[in-house]
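Q: I have a structure open and some questions about it. Can we go through them one at a time?
A: Go ahead.

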Amino acid sequence: MTGFIDLYTEASTFLHRMDPRVKIVAVATLSLLALITSHLVYLLVLAAVMVVLILFGRASYKKTMLAFSYVFRVMALIVVLWPLFDPRGTPVLFGFGPIRITEPGILAGIATAARIFCLAAAWYLLMFTTSQRDLVRGLVKMGLRFDFGLSLAMSLRFLPTFSAIVESIKDAQRARGLELDKGNLRKRARDYVAVLVPTVITALKMADTLSLALQSRAYGARTDRTYMRELKMRAGDYVALLIAVAVFAIPATAKYIFSIPL
Amino acid sequence: MRALDLQDVRFKHRGSDHWALDGVSLQVEKGEFVTLLGSNGSGKSTICMLSNGLIPHALPGDLQGKTEIFGFDVKEHSVAEFSTKVGMVFQEPESQLFCMSVEEEVAFGPENLAVPREELRERVEWALELVGMKGYNDRSPFSLSGGQKQRVAIAAALSMRPDMLVLDEPAYALDPVGRVELYQVLRQLKEQHGMTVLLAECDSEEAAKYSDKAALMKDGRVISYGTPREVLKDPERLRSLGIIPPQVSEVSALLKERLEGSNFSFISVDEAERSIKEKFTNRKRGREP
Amino acid sequence: MIPRVPASVDQDKIISVHGLKFVYDGGVQALAGLNLDVRRGDYLAIVGGNGSGKTTLAKNLNGLLRPTSGSVIINGTSTSELTVAELAKVIGYAFQNPDHQLFCSSVVEEVRFGPLNLGYSEAEVAKKTELSIEAMDLSAVKDQPPFSLTLGERRRVSIASVMAMDPQVFILDEPTTGLDARETDDLMDSIDRLNLDGHTVVLITHDMKLVAKHAKRVVVMSEGRIVLDSDPGGVFTDLELLLRSKLVPPPVSQLAHRLSSLGVPREVLSPEELVFHLMSGRGARR
């Protein structure tokens with residue numbers, strides 16, 4: 001279950017070393033770029049660039065394939081179904097009653113699939129090159145209130161813990177004859193009460209201790225709290241930031257101000 | 001000035017009719033290692049929560065009597081203020097470590113106090129070294145064993161540079177090895193760094209070995225307070241209070257019963273070995289009846 | 001490959017483990033090929049430090065985990081042919097943390113949950129529930145919500161809810177953690193009684209004092225293997241092995257070893273035994 005959140009793959013590439021704030025901005029700009037681009041060729045180029053970046057980041061093949069397994073399924077679905085619902089344009093390749101499959105329709109489907117790939121790839125680039133710590137640190141540095149940053153960090157930290165607790169509770173109830181995977185929806189919903197209640201109670205008890213522990217360590221004592229790990233933008237980070245912004249700003253200007261089709 | 005000075009303290013939680021502390025007078029001197037022994041509900045945890053101000057500030061209720069921590073009245077200073085004098089370790093290892101890495105956890109306290117960055121790093125390294133967890137900086141708390149988690153919790157309290165460490169049943173969830181490691185760290189802190197240590201337990205085995213003083217508690221009162229030898233020698237009495245006696249004290253009590261004229265009173269294995277060998281070798285050699 | 005159960009099976013063996021290997025998903029081998037036979041009515045303690053595999057072994061016995069290779073045979077049938085729910089009729093497992101189990105609004109409802117799941121009739125469920133509640137001394141609190149009870153009481157509720165399913169074997173995972181002296185004594189009395197009544201009891205623990213006092217047989221595990229299987233006296237003669245297995249021998253055993261020159265045998269398990277040997281040793285030496 002934690003595999004979903006913890007995609008971080010340890011390595012020492014320029015992407016890993018980049019300041020997390022720059023990466024966060026880059027994800028935003030790359031995503032926007034993918035959204036405003038409609039032309040298939042440009043989208044394919046963008047997708048290729050993403051793939052190259054992922055390779056530069058030395059992502060693990062297994063993890064990447066796992067992460068993208070759903071994305072690929074969605075993409076395949078779109079390529080197949082899109083033309084059925086987009087009957088505009090010529091030439092018509094296949095016509096039968098209400099169904100009209102055109103070449104532009106097929107191309108539009110492929111373009112949309114490519115766009116989805118680019119969006120997913122942008123996020124993946126961020127997640128696998130940035131540790132959870134740095135991610136939260138970056139967000140806080142960018143203005144997220146420390147309290148929220150701490151809540152986010154704590155949620156991430158306790159995810160594996162709660163995963164294990166829920167498994168333990170399920171085991172305990174199974175050992176009492178509860179069959180969680182059987183039965184109709186109503187039975188299953190009732191069964192899950194036996195898992196939900198102990199989970200919530202355990203969570204509340206932990207929250208109690210947590211709150212006392214936080215107070216015992218002077219949480220909230222001062223507004224000018226310091227941080228041991230500082231984030232410092234270096235020359236390379238500024239360059240990357242510039243590129244990230246330009247990569248979106250230039251095409252956006254071209255498209256919306258100069259009406260160049262993209 | 002004492003580390004902890006309780007005089008006729010009574011406390012009940014808000015909304016409760018039951019007095020968790022019902023007239024406690026207790027003095028802990030600086031540098032002492034004191035164990036509070038009692039059954040669940042005897043009030044030992046309550047005293048722990050009182051020692052850094054969590055009672056009455058975070059756990060409100062009716063607090064009577066005088067409670068002074070290093071000379072400061074508990075009612076007049078916040079938990080944050082006490083945090084630089086008293087470090088707190090709770091019994092569940094998992095719920096008191098909330099950061100994503102060991103070093104963040106240990107730095108958390110001093111960061112809250114706006115300690116300058118260079119000093120933060122120093123304190124983290126110092127604290128980790130003291131508990132034997134040097135080099136574990138980037139590990140996530142989830143990946144540690146129970147004993148390691150508790151030692152990180154101690155480090156996280158130590159980085160605030162307190163003069164007293166308070167631990168509420170710290171060995172509760174630990175296996176025997178973790179338990180031994182924990183107590184060794186505490187003993188070292190006391191002996192080499194003059195740390196005052198106050199801890200709550202139901203099993204007196206370690207108290208016998210490491211404590212300077214032990215307090216027996218029942219129903220919110222301190223029944224007995226003195227050195228382990230004075231307080232732990234009667235296993236029957238300890239059991240009636242819900243406290244697990246040091247196993248060798250049961251040997252000592254039986255010998256006293258069955259061997260006329262003997263005056264055994266040992267609470268540790270080493271002492272037991274010495275006393276028994278002495279007594280029985282003498283008898284063998286016919287020096288004694 | 002899981003072998004078929006041979007035609008002539010020793011009916012006395014309620015649990016039979018052959019060549020049990022277990023590897024977790026991440027590739028960690030927790031059990032390295034175990035063989036263990038448990039007879040009906042045994043009072044067994046499985047001891048070991050963290051990571052020794054004792055909990056993994058226990059979970060293979062009631063089907064929560066399935067062997068990677070080797071077999072587990074319960075009452076003559078291989079676990080590969082039984083679901084967890086079916087195994088729950090024979091093997092009752094009380095978890096270490098009772099709060100991971102309790103969810104009902106009263107003790108009675110909690111205890112009824114197990115037998116209801118197993119499909120007993122209402123009359124049978126009511127009877128078993130009543131018997132278990134009495135056996136675990138919970139009559140006084142039976143209508144209270146489990147969450148409002150003390151830890152000792154919650155442990156007893158958890159065991160009662162397992163008892164009500166009427167299993168032949170009880171597996172109890174660290175039942176005395178966090179209990180004070182009186183609660184420990186009360187709980188262990190109830191467990192001893194279960195064994196006296198003919199149930200097979202398997203205690204998973206690292207508290208060696210408890211083992212010395214109650215168990216009749218001790219299986220020491222270390223790093224996924226069984227390193228010693230003997231009566232408690234036999235286990236405590238080998239202090240080295242215990243220490244290597246990350247266990248701390250009880251103080252009385254440590255003392256007995258040091259006093260062997262005075263005629264105290266190393267298998268001593270209790271203060272009474274030690275004193276007895278000291279006193280008679282003195283006599284014999286005259």
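Q: Which residue stands opposite B:Leu36 in β8(B)?
A: That is B:Ala200. Keep in mind that this is a predicted model.

Q: How do the two strands there pair, β3 and β8 of chain B?
A: In the parallel sense, over five bridges. Strand β3(B) covers residues 33-38, and strand β8(B) covers residues 196-201.

Q: What sheet are they in, and in what order do the strands come?
A: An open sheet of six strands in chain B, ordered β6-β7-β8-β3-β9-β10, with mixed pairing.

Q: Which strands stand at the edges?
A: β6 (86-89) and β10 (221-226) of chain B. Each has a single partner strand, so one side of each has no neighbour in the sheet.

Q: And what does the twist average from one strand to the next?
A: The average is 15 degrees.

Q: Staying in chain B, is the peptide bond from B:Ile55 to B:Pro56 cis or trans?
A: It is cis, with omega near 5 degrees. B:Pro56 is in helix α2(B), residues 54-57. Most peptide bonds are trans.

Q: New topic. Why is helix α3 of chain C largely enclosed by the rest of the structure?
A: Because nine of its 11 residues, in the stretch 107-117, are buried. Here a residue counts as buried if 20 or more other C-beta atoms lie within 10 Å of its own.

Q: Which residues of α3(C) are the buried ones?
A: C:Val107, C:Val108, C:Glu110, C:Val111, C:Arg112, C:Phe113, C:Gly114, C:Pro115 and C:Asn117.

Q: What covers them?
A: The cover includes three helices of chain C: α2 (84-87), α4 (122-135) and α5 (151-163).

Q: What about phi just after that helix, at C:Gly119?
A: C:Gly119 has a positive phi of about 85 degrees.

Q: Where is C:Glu223?
A: In the loop between β9 (217-222) and β10 (225-230) of chain C. C:Glu223 has 17 C-beta neighbours inside 10 Å, so it counts as partly exposed.

Q: What is phi at A:Arg58?
A: Near 55 degrees, which is again a positive value in a residue other than glycine. A:Arg58 is in the loop between α3 (40-56) and α4 (61-85) of chain A.

Q: How many other C-beta atoms are within 10 Å of A:Arg58?
A: There are 15, so A:Arg58 is partly exposed.

Notes:
Residues are numbered from 1 along each chain as its sequence is written. Chains are lettered from A and ligands numbered from 1 in the order in which they are written. This is a predicted model: local features need pLDDT of at least 70, side-chain atom pairs count only at pLDDT 80 or more; totals for chains, interfaces and linings use all residues. A residue is buried if 20 or more other C-beta atoms lie within 10 Å of its own, exposed if 12 or fewer, and partly exposed in between; C-beta atoms are placed from the backbone. Helices (H or I, at least four residues) and strands (E, at least two) are DSSP runs, numbered from the N terminus. Two residues are in contact if their C-beta atoms, placed from the backbone, lie within 7 Å. Two strands pair if DSSP finds at least two bridges between them. Axes are lines fitted to C-alpha atoms, for helices over the stretch in contact, and angles run from 0 to 180 degrees between N-to-C directions.
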